[in-house]
Amino acid sequence: MTDEKHLAGLTEAQKRLTKAYATTVMGEVRTIADVKPTVLQHFVELEIAEREISVLVSEY
């Protein structure tokens, strides 16, 4: 995914951490509540939504 508008304002390290957390949440290894720092929780939810939308779009 090259469009990262939903991650605007984050540092490169925060973006990578957000993507890693999104992967573990989607894999049911962690929950959103496990995401630290908590400021990233909203961004993790957005990343997951972007991934789910991407899958739906590619099916059509």
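Lys 15 counts as buried at 17% relative accessibility, where buried means under 20% relative accessible area, exposed means over 50% and partly exposed lies in between, computed with a 1.4 Å probe on protein chains only. Lys 15 lies in helix α1, and, not counting residues up to four places away in sequence, Lys 15 touches Glu 4, Leu 7 and Leu 10, with contact taken as heavy atoms within 4.5 Å. This is a predicted model, in which local features need pLDDT of at least 70 and side-chain atom pairs count only at pLDDT 80 or more, while totals for chains, interfaces and linings use all residues. Residues are numbered from 1 along each chain as its sequence is written, and side-chain values use heavy atoms, with hydrogens and water left out.

**Helix α1**

- Helix α1 covers residues 12-26; helices are DSSP runs of H or I with at least four residues, strands are runs of E with at least two, and both are numbered from the N terminus.
- With 15 residues, α1 reaches 21 Å from its first C-alpha to its last, close to the 21 Å expected at 1.5 Å a residue, the expected span being 1.5 Å times one less than the number of residues.
- The buried residues of α1 are Lys 15, Thr 18, Tyr 21, Ala 22 and Val 25.
- Seen down the axis of α1, these buried residues fall within an arc of 130°, so they line one face of the helix; the arc is that of the directions from the helix axis to the C-beta atoms.
- On the other side of α1, Ala 13 and Arg 16 are exposed.
- An α-helix has 3.6 residues a turn, so residues three or four places apart point the same way.

**Thr 18 within α1**

- Thr 18, which lies in helix α1, counts as buried at 0% relative accessibility.
- Leaving aside neighbours within four places in sequence, Thr 18 is in contact with Leu 7, Leu 10, Leu 40, Phe 43, Val 44 and Glu 47.
- Thr 18 and Glu 47 are 29 residues apart in sequence, and their C-alpha atoms are 7.5 Å apart in space.

**Helix α2**

- Helix α2, residues 41-58, has 18 residues and reaches 26 Å from its first C-alpha to its last, close to the 26 Å expected at 1.5 Å a residue.
- In α2, Phe 43, Val 44, Glu 47, Ile 48 and Arg 51 are buried.
- These residues cover an arc of only 145° around the axis, which puts them on the same side of α2.

**Packing of α1 and α2**

- The buried residues of α1 pack against α2, and the buried residues of α2 pack against α1.
- The two helices, α1 and α2, pack at an angle of about 65° with their axes 9 Å apart; axes are lines fitted to C-alpha atoms, for helices over the stretch in contact, and angles run from 0 to 180 degrees between N-to-C directions.
- α1 and α2 are therefore roughly perpendicular to each other, since angles of 65 to 115 degrees count as roughly perpendicular, those under 35 as roughly parallel, those over 145 as roughly antiparallel and the rest as oblique.
- On the α1 side, Thr 18, Lys 19, Tyr 21, Ala 22, Thr 23, Val 25 and Met 26 meet Phe 43, Val 44, Glu 47, Ile 48 and Arg 51 in α2.

**The loop between α1 and α2**

- Glu 28 follows α1 and has its place in the loop between α1 and α2; Glu 28 is exposed, with a relative accessible area of 73%.
- Phi of Glu 28 is near 60°, a positive value in a residue other than glycine.
- Pro 37 lies in the loop between α1 and α2, and the peptide bond from Lys 36 to Pro 37 is cis, with omega near 0°.
- Most residues other than glycine have a negative phi, and most peptide bonds are trans.
- Leu 40, also found in the loop between α1 and α2, counts as buried at 0% relative accessibility.
- Leaving aside neighbours within four places in sequence, Leu 40 is in contact with Leu 10, Gln 14, Leu 17, Thr 18 and Val 35.
- The C-alpha atoms of Leu 40 and Leu 10 are separated by 9.1 Å, although the two residues are 30 residues apart along the chain.
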